[in-house]
Amino acid sequence: ASAAAATESLMPADVLILGMGPDAHTASLFPGSPQLSDGLYGDAPAVICAEPTMAPLVPRLTLNKAAIDAAGLRILHIEGGGKRDVFEQAKQPNVDPLMMPISTFLNDPHTDIEVYWAP
C-alpha cells in the first residue's frame, strides 16, 4: 500500500498537532506552492503531495484542509517571538490564505484550533 493510502486509512485523526513556519505555512501547505489552492480549497484527496517553496525542497505528504478540519482536536504549537508575530498577523480578518496558509485555520468560524505558544 502507498503511504498516502495508509495515512488515509487512519482518518479522521483524533488529535492533530500542527506547527507553523516563519512564512505562515502549516502542514506543508506553503505559500506559493502549486498544490496550495487544492490543499486549502479543492476536493483533492485527504492526503496530497506538497512541494515546499523553501529549503529543503523535498516533496512531502500532507493533509488537505478538509482532513485537518475533520480531526477531533486541532492544536497549533508555536515557539518564539517571531512566530508569535506571524501568528498575530495571520489571525487578522481578511488575510489572504494563499499568502499565509495558517490563516485559513485560524479564521475559520466552523472549526476550532487550540493554540499553544512557548516564548
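This is a tutorial dialogue about reading a predicted model of one protein chain.

Student: Thanks! How many helices and strands are there in the protein chain?

Tutor: The protein chain holds five helices and five strands. If you read along the sequence, they follow the pattern α-β-α-β-β-α-β-α-α-β.

Student: What can I say about the overall dimensions of the protein chain?

Tutor: Along the principal axes, the C-alpha atoms fill a box of roughly 40 × 30 × 25 Å. A compact globule with 119 residues would have a radius of gyration near 14 Å, and the protein chain agrees with this at 14 Å. Of the 119 residues, 41% are buried. Contacts tell you about the fold too: among those with a separation of 6 or more, 61% are between residues 24 or more positions apart.

Student: Now the sheet, please. Is the pairing of its strands parallel or antiparallel?

Tutor: The general idea is that strands of a sheet pair through backbone hydrogen bonds, either parallel or antiparallel. Here, three strands form an open sheet in the order S1-S4-S5, and the pairing is parallel. S1 and S5 are the edge strands, each pairing on one side only. On average, neighbouring strands of this sheet are turned by 20° against each other, direction ignored.

Student: Over how many bridges do S1 and S4 pair?

Tutor: S1 and S4 pair over four bridges, in the parallel sense. You can look for two partners in S4: Arg74 is the bridge partner of Leu16, and Leu76 is that of Leu18.

Student: Which residues of S1 are on its covered face, and which on the uncovered one?

Tutor: In a regular strand the side chains alternate between the two faces of the sheet. In S1, Leu16 and Leu18 make up the covered face, while Val15 and Ile17 make up the uncovered one.

Student: Let's turn to a helix. Which residues of H4 are buried?

Tutor: In helix H4 (residues 81–90), the residues Val86, Phe87 and Ala90 are buried. They lie on the same side of H4, because they cover an arc of only 100° around the axis. The general idea behind this is simple: an α-helix has 3.6 residues a turn, so residues three or four places apart point the same way.

Student: What do the buried residues of H4 pack against?

Tutor: They pack against strand S4 (73–79), helix H5 (103–106) and strand S5 (114–118).

Student: And how does H4 sit relative to the sheet?

Tutor: S1 and S4 pair in the parallel sense. H4 packs on the sheet, touching S4 and S5, and its direction makes about 130° with that of S4.

Notes:
Residues are numbered from 1 along each chain as its sequence is written. This is a predicted model: local features need pLDDT of at least 70, side-chain atom pairs count only at pLDDT 80 or more; totals for chains, interfaces and linings use all residues. Side-chain values use heavy atoms; hydrogens and water are left out. Buried means under 20% relative accessible area, exposed over 50%, partly exposed in between (1.4 Å probe, protein chains only). Helices (H or I, at least four residues) and strands (E, at least two) are DSSP runs, numbered from the N terminus. The arc is that of the directions from the helix axis to the C-beta atoms. Contact means heavy atoms within 4.5 Å. Two strands pair if DSSP finds at least two bridges between them. Axes are lines fitted to C-alpha atoms, for helices over the stretch in contact, and angles run from 0 to 180 degrees between N-to-C directions. The radius of gyration is taken over C-alpha atoms; the globule rule is 2.2 Å times the number of residues to the power 0.38.
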